[in-house]
Every structure is written in structure tokens, then in C-alpha cells.
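Thanks for asking me to take a look at this one.

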Amino acid sequence: MAEKDSPSTSHSHKYANRLAAEHSPYLLQHAHNPVDWYPWGEEAFAEARKRDAPIFLSIGYSTCHWCHVMEVESFENEGVAKLLNDWFVSIKVDREERPDVDKVYMTYVQALYGGGGWPLSVFLSPDLKPLMGGTYFPPDDKYGRPGFKTILRKVKDAWDNKRDMLVKSGAFAIEQLSEALAASAGSNKLSDGLPQRALCQCGEQLSQSYDSQYGGFGSAPKFPRPVEIQLMLYHSKKLEETGKSGEANEALKKVFFTLECMAKGGIHDHVGGGFHRYSVDEHWHVPHFEKMLYDQGQLANAYLDAFSITRDVFYSFIPRDILDYLRRDMIGSHGEIFSAEDADSAEFKGAMQKKEGAFYIWTSKEVEEILGEHAGLFKEHYYIKPTGNCDLSRMSDPHNEFKGKNVLIERNDSSAMASKLSMPIEKYLEILGECRRKLFDVRCRRPRPHLDDKVIVSWNGLAISAFAKASKVLKGEEEHARFNFPVVGCDPKEYMEVAEKAASFIRKHLYNEQTRRLQHSFRNGPSKAPGFLDDYAFLISGLLELFEFGGGISWLIWATELQDMQDELFLDREGGAYFNTPGEDPSVLLRVKEDHDGAEPSGNSVAAINLIRLSSMVAGSKSDHYRQNAEHLLAVFEKRLNDMAMAVPLMCCAADMLSVPSRKQVVLVGHNKPSAEFESMLAAAHATYDPNKTVIHMDPTDTAEMEFWEENNSNIALMARNNFAPDKVVALVCQNFTCSPPVSDPKSLEELLSKKPSSVA
């Protein structure tokens, strides 16, 4: 019960409810509301049945701005709490902890009302069928819209007087959604030509939505949707391979300009590194300030791909900036990577109210006092003004929340600014770095935004991919490349250590070696929620990157074991593709085959690519099995690929990857205990951007490795034995059942991989 705390139990909280016993940071934020909250579970459901009362379900997450607003306005209000406690059984859910529950009711709200978001507010019958729903509700009637108290009264009245109609419509909605979201394939493979058409269509549609003035695809608010970048880079590569270099370069220009605008904009935290969630304006300037792990991992990968193509240090600085931010602020003592940082924080110690962006914004006067002689240079570079700089667009600050405040944005070219000051560019960049460090030191003394230190397997998988990839791709930087704060400038191999520690944490704390199953998240112990499709798919992807970029064979073995378990728990063997949940929890009313590649890619898109990659590593029936599952999966979404390619950019890439007649294999043979030779050859193997390439490395003197390859791909094992030389690392490039002569120096390997596919023989 949300009872008043007795003096003996608490000196600081007037109320306490059942959420006080939970681990989720979001649920704990509501543990002292006067609302009698329950966590999702049988205790709440039984109470609703016993009282014959409807359920009020509120879903959000700990760094959600409007969730905080609704809490302050309604859930901390004793009058609102009385209505909820008298008439409803109130349940709180952390969407990051229970994405399966969130998916059911978000799908319902989106289908019925045409939009959704968080906080998600849904009224349910005691048997969990939705009755009505919405998102944020203000406490009182305003602007012709009903307030939360009015909504509560209307639902109570409908429950008392029109219950049959409400319950029937809720049950019907779930039935209809269940049918619509569990699509089956009419065939076991995609129609001929569809992969190429879908890829081109998606590329063309994105190009039509491209903002040539400020970068990005679409209009404000602008979200960095990394799957769009992935699609455009992949599409460009395919255009280049088919002789359409003009179109390929146009696609690349759009990507590079977008990445540049994002990196220079306020959506990028110039002082501390990493990216905020999205920009409210078209300039990528004023962000919604929360920082999410899933953005950091995917964006680091996007910039790494841009660096592979351009070798421009600008594109290696940004992934370092992101990954160094994660290392500094978002990694626990055992290597686990945390979920998010809030947008809101107190303006000063002891402030009662939190404000959006308070931790990140500056007055002109503060900058002058902190930076002294270099303040003028810094202010001009980052468009800092005494009146505040959130004035680039009418959408930047419509309510004057940031009046007199500045969100750093680079609007001037560094080289031009250095020339104007008759200063070497290196010196100019060094001064900016020193200035950022000084601001960072001052910022550290401000009240920090709330850290959501929950560890989510799927998001860790995305970050593991980026750290592993950075460990080799960044070896392509010039030898004496200089970096300035907040970039540390570490040896890239340190990033591999971070990736391996994060994977080891998951294996130790969120994986059961006996059942071979994952749990979804961890905070003060594993959550009750099982691993979902995204957890398996994203982690498998991360483990494949770990292996391909130089990690041990154990990561590849674990990836294959997880793939087997993913098939067992989620695969629709008859209809094709993967459901999002294991389907073992009767309180979760929908099993969905998710296809939308949004802020995060869909589990099915990532799974399809994993299957294609695995099929190119192993041979025989196992390879055929992986490939057939990928074909069947994609066939399920044929209509979506055909009609709405822009909704599924990563799936478009997967479909095209599957249609490639022969995937390129790079096989490295030699002592792969950490050695300069091995590292250099592996870096050369990954130096060129090519998503249709698999890198396999092996040491024929390592028994465990050779056992795996003998069992799973005897040709690779034989190749390793025949080409092993104890004093060097040998590379072979294979395609279309033909391998190049072996090479043993990085430059020769890079040249070999830079050739057009037809000339590798």
C-alpha cells in the first residue's frame, strides 16, 4: 500500500509503495508516490480480479522527460492518487525492463489513436485486455483536451455502466492485432529481383527526404536513425560495384554531410562526448538532452564506416569521442555498460526542481569567467552569445526555456577560423580542446543528471559491436594523429578489452550455462524478465564482431550456441521469422514479428544478417540451415520490403546480402596470440568498407580452434594447415570457390581487398 511512512521507517518520504522493493531505477523513482503502485505481476492482477476493478497501466523509463512531468503533476498529487487508489489497480512498468509488455499496449495505442510515446497510459480489464489509452495527460482540462482527472472519471463511469462494450472492443482489438502482427510467409524465399528493388527504392526514398541544407533525412524533430546511414553506405557500395560511380558518390555525399552536421550540432555533447537523443530543430542544434546507449553504439559504428571509406580523421575523432564518453561515464566496475543518462538535472545543489539540459548549457558570462583569454575564440567557434544562442529556428526554443543560455554548436570551419587568427590549425584545435576540458571540469561540479545503471543485453550488444570494430578500424589512422579533449587518444586495442569485458559480464551474470538462456537485464542482480529476441540477435551480432575483429574462438562458439537457443525460443518454424518474445508468459497477450528498423534496428533484421554471416563461416548442412532460415525470414516481410522499404532499411540490406552469389572470405592463418603482425594483418583485413565480407582468423596450433573448424568447416581447417608458417601471418582472400595466392604483408592484403570482386582470383 502507498501508506504514510512511519517516523521509524523513513525521515524523508511521506509515502512508500510496493515499488520500493524493485530494482528498476524507473520504478524506484515512483516508490514514494501517494499512488498505490504495483509492479507488473500476478499480485496486481489478482487484486484487480478480487476488487473487480480496472487496471491503470503506466509505462515509461527513467530518463523520459514527459514521464517526470506527469509524475510531478499527477502521481505526486494526493487528489489524483485518491482517485487512482479508490477506483483502479495501478501498475508501473519500466519499458526498458519489460519491452514485451510495452510492445503489446504501445501497438494497441498506435493502432487505435494513430500515435504513441511515453509515458504510455492505458486502462485494462482485470484480464489485461486494453479498454482505452493515450500517452501524457495534463492533470486538468486544457486547450479543449480532457485532463487526467477527467479521464479517470470517464473510465470509471464507462466501467460501471458500459462494461460489456468496453471489454468486447478491447478483446477484439487484441485479436485483430494478434492476426496482423504474426504474419507468415507465402513462400520460403523472396521473389526474384525484390532485394535489389527494395534496396534501390529505400535509397531513393531516403534521398527524396534528404535535407540538403542541414543534413539528415526528414524534417524536425531530427532523430539520428543510424539504420538510414547503414542503408545509404551499403547502397552506395552496390552502385559503385555496378559501375554507377556518380550515383554512388551522391549517396556518400549525403551521408557524410549528415554525419558532419550531426557532429557539429548541439545534439553532440562537445564537452563530454557522446550524442543526445534527438534535435528539436532542423539544425541539429537544441537537443532533447537524454543520452541512450543504443544511440552511442550505432552512431560509433556509422562514423567508423565513414572513416573506413574516407580515411578522414574527422570520422575517427567522433567514434573515439563516443566510446571514450562511454568508458568514462557509462561503464561499471565489472565492465558492464549502463543504459542511459537523463535529460533533466538540478540547476544547482539543493534545487527542488530539475530542468531539461541544465547540466549541459552555458551562459556567455560563465564561459568568459572559465576560459579567460581564450573565451573570445571559443565563443565565436561555438556560436555563444550573451542573449543565448537557441535562436537558429523558431522550433529551437518555442517556450523560451533557454533564454540567455547557450547550447554549443560549431557553425564555423576550424581551418578558416585558424587562418583568420593567423594560427596553425593544430594550435587552434589544441586551444579548443583545452577550453572544453576546463568547461568539463566545471561541469563535473554541477548536479549530474540521473544515471540509469541498468544493464540491458541488447544495448550492450550494440556497444560491443562498436568497441570491437573500433579496435581495428582505427588502426587506419595516420601514425601521428593528434586528438584533443574529450578524446583520450588511446591505443585502439584498448577498445577490444572493453568489448570483451562487457561480453564477459553478460556471460557471467545474465546467461545460464545449463539452460543456455539469457536474462534481459541486470541491476542488483538479473531481472525477472527473460531474454527477448533483440537480446539474442544484438548480442550474437556483437559476438560475431568480437570474433571477426580479433577476439578468441570462444566468442564465435557462444554466438552459435545463442543462435541455436534463439531458434528454439523465437523461431516460427512453419511460418518463418522470429517472434519478439518466447511466448511463455500468459500475461503478455501478443507475440509480434517485429520488422520496423527505427531508433534501434528490428530483431528480425539483425537476425537475418547474423544468419547470413554465420552461413558464410560454417559449411555443409549447418550453413544451409542458417541460409534457409534467413531466406524464410525475409520472405515473411516480402510485402513490407516491396511496399514500405523506407520503414525497413536494415532489412533491405539483409535481403541484398542474401542475394549476393558468393560472400568474400578473408582467412588469416598464424599464431594469433597478440602480436604486432597479427594485429596489423587483421587491421588490413578490415581496412576497406565491405559489408559482404567475412573475416576468419585461426591458429593451427590452437587445439580448441582447430576442433571447432574441423567440425564446422573442414575446408577452412585444411586451408589453415596447408598455409601455416610459424614466423608469419598469412592471408587468403576467397570468393566464388577460388582463393587468391597467400599474402603476408598488410599492404598487399589491402590492395587485394580493394580490387573489384571479379578480379579476386
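1. Ground rules. This is a predicted model, in which local features need pLDDT of at least 70 and side-chain atom pairs count only at pLDDT 80 or more, while totals for chains, interfaces and linings use all residues. Residues are numbered from 1 along each chain as its sequence is written, and side-chain values use heavy atoms, with hydrogens and water left out.

2. Helices H21 and H22. Please start with helix H21 (residues 603-617) and helix H22 (residues 620-636), whose axes come within 8 Å and cross at roughly 155°. H21 is therefore roughly antiparallel to H22 (angles over 145 degrees count as roughly antiparallel, under 35 as roughly parallel, 65 to 115 as roughly perpendicular and the rest as oblique). Axes here are lines fitted to C-alpha atoms, for helices over the stretch in contact, and angles run from 0 to 180 degrees between N-to-C directions. Helices are DSSP runs of H or I with at least four residues, strands are runs of E with at least two, and both are numbered from the N terminus.

3. Who meets whom there. On the H21 side, the contact includes Ala 607, Leu 611 and Leu 614, and on the H22 side it includes Tyr 626, Ala 630 and Leu 633. Contact means heavy atoms within 4.5 Å. The residues of this contact divide into nine nonpolar, four polar and one charged. In this scheme Ala, Val, Leu, Ile, Met, Phe, Trp, Tyr, Cys and Pro are nonpolar, Asp, Glu, Lys and Arg are charged, and the others, Gly among them, are polar.

4. Helices H4 and H6. Helix H4 (residues 78-87) packs against helix H6 (residues 148-161) at an angle of about 15°, with the axes 10 Å apart. That angle makes H4 roughly parallel to H6. Val 80, Leu 83, Leu 84 and Trp 87 of H4 meet Phe 148, Lys 149, Leu 152, Arg 153 and Lys 156 of H6. Sorted by type, this contact has six nonpolar, no polar and three charged residues.

5. Helix H28. Which residues are buried in helix H28 (residues 746-754)? They are Leu 749, Leu 752 and Leu 753. Seen down the axis of H28, its buried residues fall within an arc of 95°, so they line one face of the helix; the arc is that of the directions from the helix axis to the C-beta atoms. Lys 747 and Ser 754, on the other side of H28, are exposed. Buried means under 20% relative accessible area, exposed over 50%, and partly exposed in between, with a 1.4 Å probe and protein chains only. The cover over the buried residues includes strand S19 (664-669) and helix H25 (676-685).

6. His 283. This residue sits in the loop between strand S8 (278-279) and strand S9 (287-288). His 283 counts as buried because its relative accessibility is 12%. Leaving aside residues up to four places away in sequence, His 283 touches Tyr 214, Leu 392, Ser 393 and Ile 409.

7. Backbone details. The peptide bond from Trp 118 to Pro 119 is cis, with omega near 5°, and Pro 119 lies in the loop between helix H5 (99-113) and strand S6 (120-124). Another cis peptide bond joins Ala 220 and Pro 221, with omega about -5°. Ser 422 is not a glycine, yet has a positive phi of about 50°. At 70% relative accessibility, Ser 422 counts as exposed.
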